Amino acid sequence: MKKNTILAVLMAMAAMTAQAQTYLDTNAPLEERVKDALSRMTTHEKVQILHAQSKFTSAGVPRLGIRQLNMDDGPHGVREELEWNTWNPAKWTNDYIVAFPSLTCLAATWNTEMSTAYGNAVSEEFAFRGKDIMLGPGVNIQRTPLNGRAFEYMGEDPFLAGEMVVPYIKAAQANGIACCLKHFVLNDQETDRFGINVNVSDRAMREIYLRPFQKAVEKAHVYTIMGSYNKWKGVHCCHNDELLNGILKKEWNWDGALVSDWGGATNGLEAATGGLDIEMGTYTDGKTKESEFGYEMYYLGNPFEQLLKDGKVPMSVLDEKASRVLRTIFRTSMNPKKVIGNQCSEAHYDVCRQIGEEGIVLLKNEKNILPLDPSKWTKYHNVLVVGENATRSLTQGGGSSELKTLRDISPLDALKKQYEQMVDYAQGYYSGKAMYDHVDKLDEAKQAELKAQALEAAKGADLIIFIGGLNKNTHQDCENGDRESYDLPYGQNELISELAKIQKNIVVVTFGGNPYSMPWLKEVAGVVHCWYLGSESGTALVNVLSGEVCPSGKLPVTFAEKYEDYPYVQYGKEAYPGVNKEVYYKEGIFVGYRHFSSNNVKPLFPFGFGLSYTKFAYGKPTTTMEGDNIVVQTTITNTGKVAGKEIAQVYLSAPKSNVERPVKELKGFGKTKLLQPGESETLRITIPKEELNYWDETKHGWARITGPYTFNVGASVDDIRGKVEVDN
Ligand code: BGC
C-alpha cells in the first residue's frame with residue numbers, strides 16, 4: 001500500500017473512532033455526549049450510576065471509562081476523609097483543610113464579591129482532594145432562631161440568600177466542582193427532620209422558601225441539588241413528584257441531578273418515579289442498618305431494576321435519570337477544565353479572613369469603647385478575656401459540617417499576639433464535648449467554680465472581653481436537633497451580668513449561627529456578633545476589635561428582644577416544632593423582618609443592622625428604567641473619621657397593592673468600596689422588574705403588584721434614609 005493510502009486509512013479509522021466515541025470527545029456538545037454514552041450502556045450499568053457505592057461516592061461505568069462521582073460535605077470546607085464504608089475517620093494525614101466562615105457569616109457580608117471568592121477558594125480545596133460534588137451551600141430560610149442548622153444557611157430573607165448564593169455557585173462550578181444545593185426544600189428545623197410534614201401556603205412556598213433555590217437554578221445553573229428529609233404534602237422531598245418533577249425539573253427547566261439526603265429515600269416506587277436521580281445513604285441498606293456492601297439493595301439499585309424489568313416503571317424514566325447523572329459526570333469528574341486546586345494555601349486563608357472580617361457585625365458600641373486601638377492602649381493595663389469560645393475550636397461538632405483544620409487561630413491567641421502581656425484569661429463556664437446526638441452532663445460544681453474564678457479575676461481587670469455565644473454541641477448549632485432555648489446556654493447570661501457589675505468596660509463577643517436574647521444588653525458597653533469564622537477566627541475578630549478593619553457586616557436575620565416576638569410563636573406548637581409530625585407555617589409570608597416591620601414589633605436589632613466605626617450619609621435616591629430593570633441610585637458619603645464600607649439596602653413598599661404584602665421587602669442592596677473619610681460613591685442597585693411580582697394563588701402563577709410603589713433606601717430595614725416613588 002502506498003504511504004498516502006495508509007495515511008488515509010489511518011485517518012479514516014481515527015475519524016471513525018472519534019465519531020464512535022462522542023461521549024469521550026470533550027469538544028462535542030454535552031447533550032450528544034450524554035446521548036452517546038447512554039446508547040452504549042446496559043440497563044444494569046444505567047441503574048448502577050443511580051445510587052451510592054460507598055458513603056460518599058456513586059459509581060461510574062468502568063467498562064466505558066466513565067468516571068465515578070466523589071462527593072463530600074460541605075458547606076464550609078472539605079470534610080475529613082472517612083473510611084469507604086463506615087463513618088469512622090480514615091485517619092489520613094493529608095486531609096487537613098481550611099475551614100471557611102459559616103454561610104450565615106457570608107450572608108452578613110452582603111458582598112457578592114465575597115461569595116465569588118468563597119465559592120472559588122472552597123471549590124479549589126474540593127478539587128485538590130479529588131472531589132467532584134461539594135455538598136453545599138444551603139439556602140433554607142431561617143424561620144426560627146432555634147434551628148440547629150441555621151449557621152449552614154444564609155439568613156431569613158430569600159432575596160439576600162438568592163443573591164449571595166448565585167456567585168458562590170458560579171465560581172465553584174467554573175472550577176469543575178458541582179455544588180449540591182441543600183436541602184430542597186422546607187428543611188427549616190432539625191426537630192423531627194426525618195419525618196415532619198410541612199404545611200405551607202403556596203404563596204409562602206414560592207415567595208419565601210423556593211425563591212433562593214429558583215435563583216440558583218435559573219441564574220447559576222446549579223448542577224446538583226440535595227432533596228431534604230422532611231415531607232411536603234405528605235411526601236418526602238427526596239422523591240416528591242410535584243416538587244421535583246413538577247416544579248424543579250419541568251417548570252424551572254432544570255437539567256441537573258437530584259441527590260437524596262443521606263438515607264432520605266424511604267419508598268421504592270416514589271424513589272423510582274418521584275424525581276430522585278442519585279440515592280445516597282447513611283447506612284449501607286439505606287437508612288437503618290449497616291451491612292457490608294449492600295448498596296445494590298438501595299431503592300435505586302436492584303429494586304428499581306426489578307420495577308423496570310416488570311414493566312412497572314418505563315425505561316424512559318431510567319434514561320432520564322441516567323442522563324442527568326452522566327451530565328453531572330461530564331461537568332465535573334470528566335471535565336477537562338476542572339482545576340487541580342490547592343489546599344491550605346495562604347490565598348485561601350486570606351479569603352477566609354476577609355469574609356470573616358466583613359461578616360462580623362458590631363451591634364453595640366457605647367461611648368466608642370471599640371476599637372481597641374493597640375497604640376492607644378495606655379488606658380488599659382489589665383485586660384481579662386472570659387468565655388469558652390475564646391479558646392474552643394468551633395469547627396468541631398455541628399454534624400456533617402464538622403471540619404479537620406490544619407490551623408485554627410483562636411480569639412485568645414490572636415488577642416495575646418495583638419496586646420501582648422496585657423491579656424489574662426478565665427474560662428468562666430464549660431460546655432462539654434461537641435458530639436453528634438449526644439450532650440455531656442455538666443458538673444454544676446465545676447461550672448460554679450469556673451464562674452467564681454472569672455468573677456474574682458474581673459476584680460483586677462480594667463477591661464473585660466467576654467467571648468462566648470453558642471457552639472456546635474447537640475442542641476446548640478448542630479444537625480439533627482434544634483436549640484432548646486432562645487437564651488445563651490451554660491449560664492452565660494448570669495455570668496455576663498455579674499461581670500458587668502464588676503467592670504462596666506465590658507465588650508461581649510458572641511459566636512453562633514442564630515440570634516439569641518440579651519437581657520444584659522444595657523449593662524455592657526459593646527456587643528460584637530461573629531457567626532462562625534473558621535480557621536482565621538481570632539485574626540478576623542482581633543482585626544475588627546483593634547480597628548485594623550472597620551466593621552461592615554450587617555444582620556441577615558432579625559434579633560428579637562424575646563423569643564415570643566418571632567412570627568410563628570403566637571400560633572403555638574402547631575407552627576413550631578409541630579404536633580404529631582405536622583407543622584403549619586401559619587405566619588405565611590410574614591417570616592422574619594416581614595413580620596416585625598408589618599406588625600410594629602420592635603426587634604432588639606433589626607434585619608440589615610450593623611454599626612461601623614465611621615458614619616455614612618445617604619444622598620437622595622433616584623430611579624431610572626433600563627429595559628426590564630429598575631436602577632436605584634444613591635450616593636453614600638463617609639462622614640466619619642476612619643475609612644469604612646457601607647451596605648445600602650432597598651426595600652419595596654406597595655401600600656396600594658391589590659394583595660396583602662409585607663410593609664417592606666428587600667429587593668436590592670449594594671456595598672460600597674472602602675470609602676476614605678469624606679469620600680463618596682454612587683451605588684447603582686439594579687432591580688429586575690420580576691422582583692416586583694408576587695405569587696398569585698388563584699392563578700397559580702406570578703403576577704405584578706399594582707403600584708404606585710416606593711423604594712425605601714436605608715442602612716437597615718428600620719433605618720430608612722431616603723425614598724423614591726415609582727408609578728406602575
Ligand atoms: C445531612 C446532609 C449531609 C449528609 C452527608 C445528612 O445527614 O443532612 O446535609 O450532606 O448527611 O453527610
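The residues that line the second largest cavity divide into five nonpolar, four polar and two charged, where Ala, Val, Leu, Ile, Met, Phe, Trp, Tyr, Cys and Pro count as nonpolar, Asp, Glu, Lys and Arg as charged, and the others, Gly among them, as polar. This is a predicted model, in which local features need pLDDT of at least 70 and side-chain atom pairs count only at pLDDT 80 or more, while totals for chains, interfaces and linings use all residues. Residues are numbered from 1 along each chain as its sequence is written, and side-chain values use heavy atoms, with hydrogens and water left out.

A cavity here is a set of points on a 1 Å grid over the protein atoms alone where a 1.4 Å probe fits but cannot get out, and its lining residues have an atom within 4 Å of a point; grid points are joined across faces, edges and corners, and a volume is the space filled by probe spheres set on the points. The second largest cavity holds about 60 Å³ of space, and its lining includes Q142, R143, E156 and Y566.

The largest cavity holds about 140 Å³. Of the 13 residues that line the largest cavity, E207, R211, R594, K667 and E691 are the closest to its centre, and the lining divides into four nonpolar, one polar and eight charged. Strand β21 gives the most to this lining, with three residues.

Helix α5 (residues 112-128) packs against helix α6 (residues 158-174) at an angle of about 35 degrees, with the axes 7 Å apart; helices are DSSP runs (H or I, at least four residues) and strands likewise (E, at least two), numbered from the N terminus, and axes are lines fitted to C-alpha atoms, for helices over the stretch in contact, with angles running from 0 to 180 degrees between N-to-C directions.

Conventions
On a 1 Å grid over the protein atoms alone, a cavity is a set of points where a 1.4 Å probe fits but cannot get out, and a pocket is an open set with protein on both sides within 12 Å along at least five of seven lines; lining residues have an atom within 4 Å of a point.
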